[in-house]
Amino acid sequence: MSKANPTRSFLIFAALFVLVVVSLTFWTINTPAAPTAMAQSATATPLTLASVQERWETMKTHTQHGMLTLDQRMEQMGQLITDSETLLASTPEAATRQAVAALVAEMMEAASQMTAEIEQMPVARQGQRGPMVSAMTGRMEAMMSAQPAMSMPASEPTKTAPAGHDMASMAGDADDGMEGMGHDMSPISSAGVSNATELTGSQPLTYTEDAGVKVFELTARPVRWAILDGSKPVTVTAWSYNGTVPGPMIRVTEGDQVRIVLTNELPDPTSIHWHGIPVPNAMDGVPPFTQAAVQPGESFVYEFTAPPAGSFMYHSHVETDKQIMIGLYAPFIVDPAEPAADAAADAPDVDVMWMISEWRVGPDGETYPAMPMAGSEPNYFTINGKAFPDTEPIVVQKGDRVRIRMAGIGQFLHPMHLHGMNFRIVAYDGVSLPPEQQIVRNTVPLAPGEIVDIEFIAENPGTWVFHCHILHHVTNDGAEPGGLIGVVQVVE
Ligand SMILES: [Cu+2]
């Protein structure tokens, strides 16, 4: 029984190894200004400014691609701080000191991002990470304040990284224009952005006629948009079509010739993609494949034939995980040319479209694009640009046939659940389902990019909720009830 058990020996060895690595990590991060020899021995390359810059850029690239855990980033940054201290202690040369200062400034931004990540973790799992990042920040502040000439770097020679914004260095990096590449996680600038004059998004857009063509005008521009009114108002800085979120509803008849003139008044290039509509390739709105991005101040004309009746949407196709998340989306509905022969397929008594999405409002009150990645998760959830209790109720008469077209325009799954009545799923992605494929349910998952049309007969009087069943999504910044709760009121 006391015979050496190879499995157990291995486990003991592995545990000791982990313990040593963890101890070394903790020691590295908490050791102030290590001597040069020590710092050099900890890295394979000799300690030069170039080697430190190179390791920092590598770390940023790896971070950008999600290749490093928080602990790995903390460990690497701890070493880089030590090396920066060593460089400063041994280099009187001004250019080098300035380069180190630029690097330290970037690392301080990365540290505040790490702090935000740690604060998102359950308290029980934060461990010593908060104090460790604080210690690192303190060491960097000491470096900056001990070198008054460093605190305003004239240039940023460390910015040689490949395109894209990485999590480590992007706070305050709003002008680092690499549009369309990587995740831009800077706050959306609200400077000079005025409040919306319209209170409701998704309103029908009027058109003019030009030789049989229906001509719609859209202007993409920033706007301050209230997702919540009332006692605790929440206003986001949105990018909008015509000043509302969602943008205005384009509603045409199948076979119509449709022209849309997009004018870009955003700070960034943009485009419009006609989601689910089979348009000619050049009209698909996807830079750089089908067109050049529409630059600020410029216009672009889209023209195509309306497809068979169905529910569609339009949205930006530039910097999508930023531009769509902050409001550049709207409904596009095509109605049948002829009334359906079958009354059950004809126009319903009540016809509503919901565009469902997510927002991130930081503790600083700024708007950030919500993304499914650490530190960027949404804390507000909206139906047609409003969070409960400001979502618009659907009031119907008993016996009405009600259609709700739901579009997932955010980046998260929303299983939508109706109380009190079952519904039929009558269309997916703008394509009607034949009756034998219309299944009856009371919950339907709405995936990002998906459009689901449901119908039900409002036979059960009362006030019924229709809500997302990912229950974090029925909160407003953690407070329930909020977010994705719609109300269907059936009156007799
Ligand atoms: Cu949800």
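In which sense do β10 and strand β14 (residues 401-408) pair, and over how many bridges? β10 and β14 pair in the parallel sense, over seven bridges, where two strands count as paired if DSSP finds at least two bridges between them. This is a predicted model, in which local features need pLDDT of at least 70 and side-chain atom pairs count only at pLDDT 80 or more, while totals for chains, interfaces and linings use all residues. Residues are numbered from 1 along each chain as its sequence is written. Helices (H or I, at least four residues) and strands (E, at least two) are DSSP runs, numbered from the N terminus.

- Strand β10, which covers residues 350-361, is mostly covered, with nine of its twelve residues buried; a residue is buried if 20 or more other C-beta atoms lie within 10 Å of its own, exposed if 12 or fewer, and partly exposed in between, with C-beta atoms placed from the backbone.
- On the side of β14, Arg 403 is the residue that stands opposite Asp 351.
- With strand β12 (residues 380-383), β10 pairs in the antiparallel sense over four bridges, and Phe 381 in β12 is the bridge partner of Glu 358.
- Strand β11 (residues 367-368) also pairs with β10 in the antiparallel sense, over two bridges, and here Val 361 stands opposite Thr 367.
- β10 and β11 form a hairpin with five residues between them, and Gly 365 in the turn has a positive phi of about 80 degrees.

**A five-strand open sheet**

- Five strands form an open sheet in the order β13-β22-β21-β15-β19, with mixed pairing.
- β13 (394-397) and β19 (443-446) stand at the edges with a single partner strand each, so one side of each is left without a neighbour in the sheet.
- Neighbouring strands of this sheet are turned by 20 degrees against each other on average, direction ignored, the axes being lines fitted to C-alpha atoms.
- Strand β15 (residues 414-418) runs antiparallel to β19 and is joined to β19 by four bridges, with Val 444 in β19 as the bridge partner of Met 416.

**Gln 203**

- Gln 203 lies in the loop between α7 (129-145) and β1 (208-210), and Gln 203 is partly exposed because 15 other C-beta atoms lie within 10 Å.
- Leaving aside neighbours within four places in sequence, Gln 203 is in contact with Thr 244, Pro 248 and Met 249, contact meaning that the C-beta atoms of two residues, placed from the backbone, lie within 7 Å.
- Thr 244 is 41 residues from Gln 203 along the chain, and their C-alpha atoms are separated by 8.8 Å.

Technical notes:
Axes are lines fitted to C-alpha atoms, for helices over the stretch in contact, and angles run from 0 to 180 degrees between N-to-C directions.
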